[in-house]
2 protein chains.
Amino acid sequence: MSTTDASLHIAAVERDTGIPKDTLRVWERRYGFPKPGRNDHGERTYPVEQVATLRLVKQLVDSGHRPNRVVGRDPEELRALLHAVGDDRGVELSTEADAILEALRRRDANEVRETLRGLLMRHGLERFVVDILAPLTTAVGEAWASGRLAIHEEHLFSEQVDRLLGHAIGQQPGYSDQAPMLLATLPGELHRLGLRMVEAIFTAHGVPCISIGPDVPVDQLVDACSGHRAAGIALSISACGATPAAARAVLDVRAQLPDDKRLWVGGQGAGRLRPRPQGRIEVFDSLTDLAERLDTDDQRRTA
Amino acid sequence: MSTTDASLHIAAVERDTGIPKDTLRVWERRYGFPKPGRNDHGERTYPVEQVATLRLVKQLVDSGHRPNRVVGRDPEELRALLHAVGDDRGVELSTEADAILEALRRRDANEVRETLRGLLMRHGLERFVVDILAPLTTAVGEAWASGRLAIHEEHLFSEQVDRLLGHAIGQQPGYSDQAPMLLATLPGELHRLGLRMVEAIFTAHGVPCISIGPDVPVDQLVDACSGHRAAGIALSISACGATPAAARAVLDVRAQLPDDKRLWVGGQGAGRLRPRPQGRIEVFDSLTDLAERLDTDDQRRTA
DNA sequence: TTTTCTATTTGTCTAGGACAAAAAATTAAA
DNA sequence: TTTAATTTTTTGTCCTAGACAAATAGAAAA
């Protein structure tokens, strides 16, 4: 039926999985997996099933497992492990959130949009983000990694959420007298969604935000912070962004940032940074955490 | 003053310039540029000036120059060449657009936002995108490549525009009776802005859109198109996305797509695809072009 | 002019080695 | 027991240098 009968070259696998070429080759050498075929020209060709398995492996490695233990194991085992990780975090979907997953699977873009919009209206921006969107996003990610959701369905979800949040943030009243927070992600980190959610929480608390988006070099962050007279910087770090390089970058930002500017670090990966951030770096490991922190901040200010 | 006195390792250069590691090494071997130093461990360390030059080279290569002719040449010459390319396209900034560039350089986020919003109100979505945003985006890209605009200033611009367009698109009345267009970019192509502008034009013409965002594999596109009962697919291809792989992907999409679905291809890179797309693929090489095409479509329908 | 053929250019892949930095395991001290 | 310092294992990323197909430019023929 389809012309592309199911195998990809190494660059495509890197794009699809986020695993660098060098790592793919070295895993093959060390663990015997993946085990690509070869084309006429001796180049590796990866069957799609192996690529799917690699996606699972990637998620597990990102969430703390050692490649040692997971590369080459049966997809079923991996799926089980992945689900265990999810349960650990206590992911429990509300029925509404479940309905959205269902609508995504049905490719019903209107329903996804309207359900999300309805939930936002009912719960208000902050509760919507903290209680519904955060667990839903995790669930979508997991469903994507284990193949229960097509790539384009996951993409559609991201787009819809991004747009909805952008709109909601714009609606929120702004207190222009307050110094803004500067929002961004570190170099190599491309996930926008986490950043948008952080922006939503800040905005809901009346803190104006200037988002300069994903993938910003350290020196640029510092420069932008002073240039915009921001009160501080908030960085979002996704599960796969918790690399040693990111940890170093965070420390680097703190070192270059004037003492009177605050530095917030959040996201799925923030809690797993090694070496652990220290010294005037405020780490929050969930959006709930961030919201509470802002509450106490508010109280201190009004008191 | 700054701790990072000005040299990057190869992975950072890849991220900053978009030039793959392999290509950086082979350019060094062939043309003697870039000429990185080495750290204690024998690894390449690229001085920031060379990275800046590489950014210029990248833009030139993306716009059709051969590496042969531009790699290793003086930054000043490159800048001149780049400007010549710009002039060819007839980039002439309105005074308002110029004011935005100026505001960006002053890091005045509010002014950027308000000026953009004002222009949108005054000219309407379509004229705003076609006459103002398109040339402005090109100018920002050029200014960034030649170092006249900091990276974070360019990022801020993208974020603001993205948000503004998202909002404007949401405001537009939707005709739900019409089959929607499916919008996306091909794998490896991460530029959102072009896509958003296309979406804006379609929406302004009353065509509902479902955007699944950047970086979508071919089979996913086809699947999504049928799943959402879309009238067709519109792909946006940026200057640096006009690779042979992209050209093949376009043909591939056409081959897998049912005959009754349309396929539109646009963006800076669309006109430079080799092998040139053919057979029921509608290429437009500027947003003006797209807008006109939609006009005639409208007339045919009402006639 | 357009088309066909040939030469050059260019990006991306390969192998297998190397090694520092991160994480885990072990030992020593409190 | 817990905490801190040490050793061992694991892991990702970089290295060299070669190869070649696909893309492009230039020359020749129709």
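A: Two strands pair if DSSP finds at least two bridges between them. Strands here are DSSP runs of E with at least two residues, helices are runs of H or I with at least four, and both are numbered from the N terminus. This is a predicted model: local features need pLDDT of at least 70, side-chain atom pairs count only at pLDDT 80 or more, and totals for chains, interfaces and linings use all residues. Residues are numbered from 1 along each chain as its sequence is written, while chains are lettered from A and ligands numbered from 1 in the order in which they are written.

Start with β7 of chain B, residues 262-266. It pairs with β8(B) in the parallel sense, over three bridges. B:Gly266 has B:Phe284, in β8(B), as its bridge partner. Both strands belong to an open, five-stranded sheet of chain B with parallel pairing, in the order β5-β4-β6-β7-β8. β5 and β8 (282-284) of chain B are the edge strands, each pairing on one side only. On average, neighbouring strands of the sheet are turned by 20 degrees against each other, direction ignored; axes are lines fitted to C-alpha atoms (for helices, over the stretch in contact), and angles run from 0 to 180 degrees between N-to-C directions.

Now the chain contact. Chain A and chain B each bring 33 residues to it, where contact means C-beta atoms, placed from the backbone, within 7 Å. On the side of chain B, the elements giving two or more residues are α9 (151-171), β5 (209-211), α11 (218-227) and α12 (244-256). α9(B) gives the largest share, ten residues. By class, the side of chain B that touches chain A has eleven nonpolar, 16 polar and six charged residues. Ala, Val, Leu, Ile, Met, Phe, Trp, Tyr, Cys and Pro count as nonpolar, Asp, Glu, Lys and Arg as charged, and the others, Gly among them, as polar.

Last, the DNA. 19 residues surround DNA strand D, and the closest are A:Arg66, A:Asn68, B:Ala11, B:Pro244 and B:Arg274. Near means a C-beta atom, placed from the backbone, within 6 Å. Three elements each supply at least two residues of this surface: α2 (21-31) and α4 (67-70) of chain A, and α1 (10-17) of chain B. α2(A) gives the most, three residues. The surface near DNA strand D divides into seven nonpolar, five polar and seven charged residues.

Conventions: Two residues are in contact if their C-beta atoms, placed from the backbone, lie within 7 Å.
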